[in-house]
Amino acid sequence: MEAMLAQKRRIRSSVGAGLFYPEERKEILDYLRSFGLEEEKGGFAKAIIAPHGAWSYSGSLAAEAFQSAMGRSRDIKRVVLLGPIHDKREKGLFLSNSHSFHTPLGNIPVDQELSEEFEFQGNFFEINDIPHLSEHSIEILLPFVKYCFPYASIVPILMGQPKAQYIYDLAQALRAVITPVLDETLIVVSCNLSSNVDKEAAQLSAQEVISLFSEKNSPALAAAILDGRLNACGGALAASLFESGLLDKTHTCSIADEMISAVGTENTTVFYSELSYY
């Protein structure tokens with residue numbers, strides 16, 4: 001009985017609060033409210049691509065992405081979050097066995113039933129919290145999830161270093177698991193477009209990624225990611241989503257007027273944007 005209770009209480013703690021985004025509840029609420037995020041003004045996107053840069057750089061783009069789906073707020077029961085792992089040593093697809101993920105706005109429950117379905121459908125999935133514990137690519141978007149869809153659960157999925165088998169395994173699992181519940185699900189891909197010490201090269205790469213995202217061109221995107229020509233952080237996850245066929249009947253919309261860039265570690269320039277699929 002004690003072991004069962006411990007399992008129910010398992011909570012994945014925040015590691016990026018105070019670093020990538022505010023740590024205090026009031027500051028987060030003030031920040032999110034400043035964008036006028038409201039259900040009445042929201043769109044009806046089935047999937048969004050949002051950046052995982054520090055909010056001071058790319059938070060406005062993440063807000064625009066989530067606003068594009070807030071019109072579905074009452075219908076969305078779960079948010080499937082697809083994020084990359086920055087630790088290049090990790091390989092595979094990782095689900096979480098935590099009961100919930102903590103945010104300064106409150107905990108968000110994990111949809112364990114759907115997580116188990118993903119593990120059953122795929123060959124490279126593993127229910128393993130360890131890669132989740134220190135990775136920020138999903139966490140940085142969780143306050144938006146909690147604020148915009150307060151009653152939704154999450155299915156957090158991380159991908160290690162991209163491989164063709166991971167891309168297509170995730171695509172197959174998305175198709176099998178999400179097709180029956182697509183109308184009550186929002187899919188979120190956490191992705192930064194490009195990074196390079198040469199700002200012009202980074203911008204050109206980012207523009208190509210945006211083009212492939214807009215076309216939902218999974219084969220070309222996957223090939224460019226796997227051969228290293230494009231380094232979109234999370235691009236392989238977008239390729240999986242497009243390959244799944246879940247968005248075949250949608251059209252692409254970008255609310256942002258332009259990409260945003262910021263200088264990251266080692267003097268690299270990182271480009272961010274957001275896209276929505278209706």
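Two strands are said to pair if DSSP finds at least two bridges between them, and helices (H or I, at least four residues) and strands (E, at least two) are DSSP runs numbered from the N terminus. The legends below describe a predicted model, in which local features need pLDDT of at least 70 and side-chain atom pairs count only at pLDDT 80 or more, while totals for chains, interfaces and linings use all residues. Residues are numbered from 1 along each chain as its sequence is written, and side-chain values use heavy atoms, with hydrogens and water left out.

**View 1. Strand β8 and its two partners, β3 and β4.** Val-79 stands opposite Ile-154 in β8, within a parallel pairing of β3 and β8 that extends over seven bridges. Strand β4 (residues 93-95) is joined to β8 by two bridges and runs antiparallel to it, with Leu-93 opposite Met-159. Seven of the seven residues of β8 are buried, so the strand is largely enclosed by the rest of the structure; buried here means under 20% relative accessible area, exposed means over 50%, and partly exposed lies in between (1.4 Å probe, protein chains only). Both faces of β8 are covered, with Ser-153, Val-155, Ile-157 and Met-159 buried on one side and Ile-154, Pro-156 and Leu-158 buried on the other.

View 2. The strands follow the order β7-β4-β8-β3-β9-β2-β14-β11, and their pairing is mixed. At the edges stand β7 (125-127) and β11 (252-253), each with a single partner strand, so one side of each has no neighbour in the sheet. Strand β2 (residues 47-50) pairs with strand β9 (residues 185-190) in the parallel sense over four bridges, and Ile-48 has Val-188 in β9 as its bridge partner. Helix α3 (residues 55-67) packs on this sheet and touches β2, β9 and β14 (275-277), its direction making about 180° with that of β2. Helix α10 lies across β2, β3 (78-84), β8 (153-159), β9 and β14, and runs at about 145° to β9.

**View 3. Helix α9 and its surroundings.** In helix α9 (residues 218-226), the buried residues are Ser-218, Leu-221, Ala-222, Ala-224 and Ile-225. Seen down the axis of α9, these residues fall within an arc of 165°, so they line one face of the helix; the arc is that of the directions from the helix axis to the C-beta atoms. Their cover includes α7 (164-178), α8 (199-215) and α10 (235-244). In the loop between α8 and α9 is Lys-216, whose phi is near 55°, a positive value in a residue other than glycine. After α9 comes Gly-228, with a positive phi near 85°.

View 4. Strand β10 (residues 194-196) is joined to β13 by three bridges and runs antiparallel to it, and the bridge partner of Ser-194 in β13 is Phe-271. Strand β12 (residues 260-263) also pairs with β13 in the antiparallel sense, over four bridges, where Ala-262 stands opposite Val-270. The hairpin of β12 and β13 has five residues between the strands, and Glu-266 takes a positive phi near 55° there. In the loop between these strands is Asn-267, which has a positive phi of about 60° although it is not a glycine and is exposed, with a relative accessible area of 61%.

View 5. A search of the whole structure finds nine aromatic pairs, where rings of Phe, Tyr and Trp (its six-membered ring) pair if their centres lie within 6.5 Å, and planes under 30 degrees apart count as stacked, over 60 as edge-to-face and the rest as tilted. Tyr-31 and Phe-35 form an edge-to-face pair, 5.0 Å centre to centre with 70° between the planes. Tyr-31 is partly exposed, with a relative accessible area of 21%, and Phe-35 is partly exposed at 31%. The rings of Phe-118 and Phe-125 have their centres 5.9 Å apart and their planes at 45°, so this pair is tilted. One aromatic cluster is formed by Tyr-21, Tyr-31, Phe-35, Trp-55, Phe-66 and Phe-144.

Notes
Contact = heavy atoms within 4.5 Å. Axes fitted to C-alpha atoms, helices over the stretch in contact; angles between N-to-C directions.
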